[in-house]
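Me: Hi, I'm new to this one. Could you walk me through it?

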Amino acid sequence: MSTRVGIFGGTFDPVHNGHISIVRSFIKSGLIDEMWILPSPSPPHKTDKEITSFDHRKKMLELVFSNDENIKISDIEEKLPLPSYTIHTLQYLKQKYPDNKFYLCIGGDSLADFKNWYRAEKIAGQTDLLVAERPEADGRDVSEKFLQNTQFVEHTPVNISATEVRKELQKNGEGLQDQVPPEVLQYIRDNGLYKN
Ligand code: ATP
């Protein structure tokens, strides 16, 4: 039987408990055997912002998921041509790993915005989507054509965003214990990240 692999992309600047809980929910759904997390080198929709280096963002993810055998941090988007459009990444993965079945895993807010993604219809037409809810973004209010191959996984929404985490880090970073794992906070301190 083919291995069912969930693909979860994002900026992860930095990885936070919202990302971690969503990853756990996708795994817990039983719909995938492995989760591959793909930090994006230069997300197409975030070109106007300063982004922490790919290496730092990847290392923070590795710190969090190092004990999970079924979770892999992949740097393929760093090797593929920019910008990293999901359709190209999926095509590459399907070609390189023909025995795997890939599922695109996204949060409810990304599903609500999905129609704006590059080649959204093509992605939805050839890839199964797994969606976990996110507060303030009801993923179910989405055009039928994007829902045909979509399954919603059970998920208790966690109201954290990397934007808010970065704002807090620029102040003093206190009070983030419930939002960012200790090893990531330590890494951020050790490397002087998010200072300005
Ligand atoms: P930013 O605030 O910088 O836009 P973010 O917190 O939204 O960042 P991303 O790296 O852009 O994080 O998100 C990657 C993926 O994680 C997206 O599919 C997004 O929907 C999902 N995600 C992020 N935070 C949460 C959360 N709290 N709950 C559920 N999904 C989330």
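Reply: Here is a short tour of the core and the salt bridges. This is a predicted model, in which local features need pLDDT of at least 70, side-chain atom pairs count only at pLDDT 80 or more, and totals for chains, interfaces and linings use all residues. Residues are numbered from 1 along each chain as its sequence is written, and side-chain values use heavy atoms, leaving out hydrogens and water.

Me: Thanks! Which residues touch the most other members of the largest nonpolar core?

Reply: Phe26, Met35, Ile37 and Phe65 do, in a core of 32 residues. A nonpolar core is a set of buried Ala, Val, Leu, Ile, Met, Phe, Trp, Tyr and Cys residues joined through side-chain atoms within 4.5 Å; buried means under 20% relative accessible area, exposed over 50%, and partly exposed in between (1.4 Å probe, protein chains only).

Me: Switching topic: how many salt bridges does a search of the whole structure find?

Reply: Eight, counting a side-chain nitrogen of Lys or Arg within 4 Å of a carboxyl oxygen of Asp or Glu.

Me: What does Arg4 pair with?

Reply: Arg4 meets Asp33, at 2.9 Å from N to O. Arg4 is partly exposed at 22% relative accessible area, and Asp33 is also partly exposed, at 32%.

Me: And which residues are linked in a network?

Reply: Lys58, Glu62, Asp75 and Lys79 are joined in a network of salt bridges.
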